[in-house]
Amino acid sequence: MRIGELAERAGTTTRTLRYYESRGLLTARRTERGHRTYDEADLRLLREIRTLRAFGFDLEETRLFVDCLRAGHPAGDSCPASIAVYRRKIAELDGLVGRLLAVRAEVGAQLLRAEAELPHGPEPRCELTVEEGPRRAPATEGERR
C-alpha cells in the first residue's frame, strides 16, 4: 500500500509517517519510481506506536516495542526490554499521581481555610458573579411561538 492509504488506515497523516521513517521506527520500501510502499506488518507497527503514544509514551519509548514486533514476536510487549519500559512508565505515572494528590490536598486545605473564614467577614464577591433576578419557568412550546 502507498503512504496515503497507510496513513488513512492508521488514522494519521503522511507527514507523521515520514517523521517516523526519519526516526527509524517505520521502514518504507520503494517502487521503481521511488514511491513508498508498506504492508500489513507496517500497519501493525504503526498501530502499536499510536497506541503507546495515546498512553503517554514518548516516541523513543515505543522503539523497543517496535523492535520486538520486527523480531517476530506476537506482540510488542513480548520482550523483556518492553516490559522494562512498562515498569519505568508505571513508576513515572505513580510519581505523577503522587504529585497530583499532594496538590489536591493543598488545594483542599486552602478551600477549608477559606470556607472557615467566611462567617467571620463579608462574603467574598467575584466580578464574574451575576446577580440573579426572579426565576421564570421555562417557556412552553406555545409561548415560544
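These are my notes on one protein chain, taken from a predicted model.

**Confidence.** Mean pLDDT for the protein chain is 87, and 81% of its residues reach 70 or more. Helix H2 (residues 14-22) has the highest mean, at 95, while helix H6 (residues 141-144) has the lowest, at 56. I'm treating H6 with some caution on that basis.

**Layout.** Next I went through the secondary structure. I get six helices and two strands in the protein chain. Along the sequence they run α-α-β-β-α-α-α-α.

**Burial, contacts and surface.** I checked burial: of the 145 residues in the protein chain, 22% are buried. For contacts, I kept pairs at least 6 apart in sequence, and 47% of those join residues at least 24 apart. The accessible surface of the protein chain is about 11,000 Å². Carbon and sulfur atoms account for 55% of that surface.

**H1 against H2.** Last, I looked at one helix pair. How do H1 and H2 pack, by angle and by distance between axes? Helix H1 (residues 3-10) meets H2 at an angle of about 105°, and the axes are 9 Å apart. Angles of 65 to 115 degrees count as roughly perpendicular, so H1 is roughly perpendicular to H2.

Which residues make the contact? On the H1 side I noted Ile3, Gly4, Leu6 and Ala7. Their partners in H2 are Thr14, Leu17 and Arg18. By type, I sorted the residues of this H1 with H2 contact into four nonpolar, two polar and one charged.

Key: Residues numbered from 1 in each chain as written. Predicted model: local features only at pLDDT ≥ 70, side-chain atom pairs only at ≥ 80, totals over all residues. Heavy atoms only, no water. Helix = DSSP H or I, 4+ residues; strand = E, 2+ residues; numbered from the N terminus. Buried < 20%, exposed > 50% of the residue type's maximum accessible area, 1.4 Å probe, protein only. Contact = heavy atoms within 4.5 Å. Areas by Shrake-Rupley, 256 points an atom, 1.4 Å probe, with all protein chains shown as cover. pLDDT = per-residue confidence, 0-100. Axes fitted to C-alpha atoms, helices over the stretch in contact; angles between N-to-C directions. Parallel < 35°, antiparallel > 145°, perpendicular 65-115°, else oblique. Nonpolar A, V, L, I, M, F, W, Y, C, P; charged D, E, K, R; others polar.
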